Amino acid sequence: MLIRVEDLTYTYAPGTPLERAALRGVSVEIGPGERVGILGRTGSGKSTLVQHLAGLLEPTAGRVWLNDVAAHGRTAAARAQRRRVGLAFQYPEDQIFERTVFREVAFGPRNLGLEEAEIVTRVRWALEMVGLHPAEMEERVPFTLSGGEMRRVALAGILGLRPEVLILDEPTAGLDPRGRRELLARVRDWQEETGLTLILVSHDLDELARVVERVVVLEGGRVVADGPARRVLSDGQLLRAAGLDVPQPVLLLQALREAGWEVRTDRLLPEEAVAEIAQARGLLEGRP
Amino acid sequence: MNMLLPGMYVAADSALHRLDPRVKMGGALLLMALPFAAQSLGSTLLFSVFVATVALLSNAPLLALLRTLRTVLWIGCFMFFFYLFTTPGQPLVALGGIGVTWEGLLAGAMQIYRLCLLVIVASLLTFTTSPAQLAHGLEALLGPLGRVGLPVRELAMVLTIALRFVPTLFGEVEKITRAQQARGADLRSRRPWQRVRSWGPVFVPIFVSAFRRAEELATAMEARGFRGAQRRTRLVQLHLTRRDLAASLVVLVVSLAVLGLERLA
């Protein structure tokens, strides 16, 4: 699916003293199968932007096109396009309401009007995708699960819709480091397996560096950068101007470079930085 | 959050914002009682003019203020029809055994108008008075009842907490609504029963989070050493200024004038 955002502006509570512009003229294009990260500090407009992509908010000005159909439209065509976009909100476990895990995950597929057999297949598939055993989990009460399990059940609820575009808004917020790593690995696997478009909202640089190939940086409701992850995430000046941190490996490599080492500074992951330093040291000591 | 609700505080600076909460609450109570006494056209008019003046003084966004009337739409309609069908008088239309009278139409319209004035006065109070101030004012006004065993401080605390969480809860309803819509929930169904049922996915999570929030809040309050029964001191002390006295006087004079007009009519 081709997503086009044209000069999108959105204002919360217009005409009241609480009026606040969340987006001011955002233009972005996301092609099929891309892995895009949306980065920005709290209040930069990330969540507002992705809610527009799912057609949940009506632009104050500008347009959002899903395959050339207006995302917010009320036509059957618009509804059909929206169904191909799956959005998991921040803390998706907050939306859990059913008596059993099965019913919870089946809610979305059921709303699509699928046959019962297909629903069962999808629920089992989705639970497996998030690393839960269908046979063990299906009849459990969601509210008795642990936080991490609830998060996974909620994400399964979105996956069960089998979206072509999967939008995850801060999917790892509040998870422990191991839960975080596992979830991200799964996200990458889904993407590779199905070739879906993945849009990951985050302010965790390490997370983005591991999953996405392109990063869009928002600040004050505007796009301040859009390009390959390696370039954007190693641009210290840009990140600082957007109120963000610079990835630790980049900082280390920059310091080494200033100290006269022959290293590249666009290595975003710790293991990449280690390799880079090892290589430079090898050169220093005359080894290959 | 896309609208202004009654019970929501709008931080701003105006003559009304600066008044002592006790004066504002006492004044609002008096003004809210007044429409029940004022039935005539003259007194209602004077009262309306006064409320309009106060609204202008409050710096409140007028459109948003009028929008708060939506909250009483249904009860307003109910009152209107109640008066329409039950007031005896000159028949306007007769539907079978039930008659609609001219007097009923007038009385119904009057009731709606009065209800609107009540809501506006209440909204003006909450728009211009922060929850903390409201609680403080309530505590002061109910103070005398504390001697006969009413837990005044606790009531004030409950009120503060309730008001504090009104916007939070509405924000949450909005978020969960969108989240379920993203899963294909149809919340705009035309058939009433289906509509009620389709809101389950929204209200269940809201209740769950409200209970969790209540527990967390209780823990947080205890962790800060909150003990309801203890006599606590206040960071902010209320002092009546000359402006407060003047405002009280104005409200009293207007109230007496309204009652006077009513007497004449």
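Two strands are taken to pair if DSSP finds at least two bridges between them, and in strand E10 of chain A the bridge partner of A:Arg214 is A:Pro228. The model is predicted, so that local features need pLDDT of at least 70 and side-chain atom pairs count only at pLDDT 80 or more, while totals for chains, interfaces and linings use all residues. Residues are numbered from 1 along each chain as its sequence is written, and chains are lettered from A and ligands numbered from 1 in the order in which they are written. Helices (H or I, at least four residues) and strands (E, at least two) are DSSP runs, numbered from the N terminus.

**Strand pairing in chain A**

- Strand E9 (residues 214–219) and strand E10 (residues 222–228) of chain A are joined by six bridges in the antiparallel sense.
- The hairpin that E9(A) and E10(A) form has two residues between the strands, and A:Gly220 takes a positive phi near 60 degrees there.
- An open sheet of four strands in chain A, paired in antiparallel fashion, has the order E2-E1-E4-E5.
- The edges of this sheet are strand E2 (20–30) and strand E5 (69–70) of chain A, each of which has a single partner strand, so one side of each is left without a neighbour in the sheet.
- Strand E4 (residues 61–66) of chain A runs antiparallel to E5(A) and is joined to it by two bridges, and A:Trp65 stands opposite A:Ala70 in E5(A).

**Nonpolar cores**

- A nonpolar core is a set of buried Ala, Val, Leu, Ile, Met, Phe, Trp, Tyr and Cys residues joined through C-beta atoms within 7 Å, where buried means that 20 or more other C-beta atoms, placed from the backbone, lie within 10 Å of a residue's own.
- The largest such core has 81 residues, of which A:Ile167 and A:Leu208 touch the most other members, and helix H6 (residues 147–159) of chain A gives the most to this core, with seven residues.
- Not counting residues up to four places away in sequence, A:Leu208 touches A:Gly37, A:Leu39, A:Leu200, A:Ser202, A:Val215, A:Ala229 and A:Leu233 (contact requires C-beta atoms, placed from the backbone, within 7 Å).
- A second, separate core of 30 residues includes B:Met25, B:Val51, B:Ala60 and B:Val254.

**Architecture of chain B**

- Chain B has 11 helices and two strands, which follow the pattern α-α-α-α-α-β-β-α-α-α-α-α-α along the sequence.
- The C-alpha atoms of chain B fill a box of roughly 65 × 60 × 40 Å, taken along the principal axes, and 26% of its 265 residues count as buried.
- Among contacts in chain B with a separation of 6 or more, 74% are between residues 24 or more positions apart.

**Helix packing in chain B**

- Helix H2 (residues 21–37) and helix H11 (residues 242–264) of chain B pack at an angle of about 5 degrees with their axes 10 Å apart, the axes being lines fitted to C-alpha atoms over the stretch in contact and the angles running from 0 to 180 degrees between N-to-C directions.
- H2(B) and H11(B) are therefore roughly parallel to each other, a term that covers angles under 35 degrees.
- By class, their contact has nine nonpolar, three polar and two charged residues, where Ala, Val, Leu, Ile, Met, Phe, Trp, Tyr, Cys and Pro count as nonpolar, Asp, Glu, Lys and Arg as charged, and the others, Gly among them, as polar.

**Interface between the chains**

- In the contact between the chains, 24 residues of chain B meet 23 residues of chain A.
- Helix H8 (152–182) of chain B is one of the helices that supply at least two residues to this side of chain B, and H8(B) gives the most, with seven residues.
- The residues on the side of chain B that touches chain A divide into 15 nonpolar, six polar and three charged.

Notes: Parallel < 35°, antiparallel > 145°, perpendicular 65-115°, else oblique. Contact = placed C-beta atoms within 7 Å. Buried ≥ 20, exposed ≤ 12 C-beta atoms within 10 Å, placed from the backbone.
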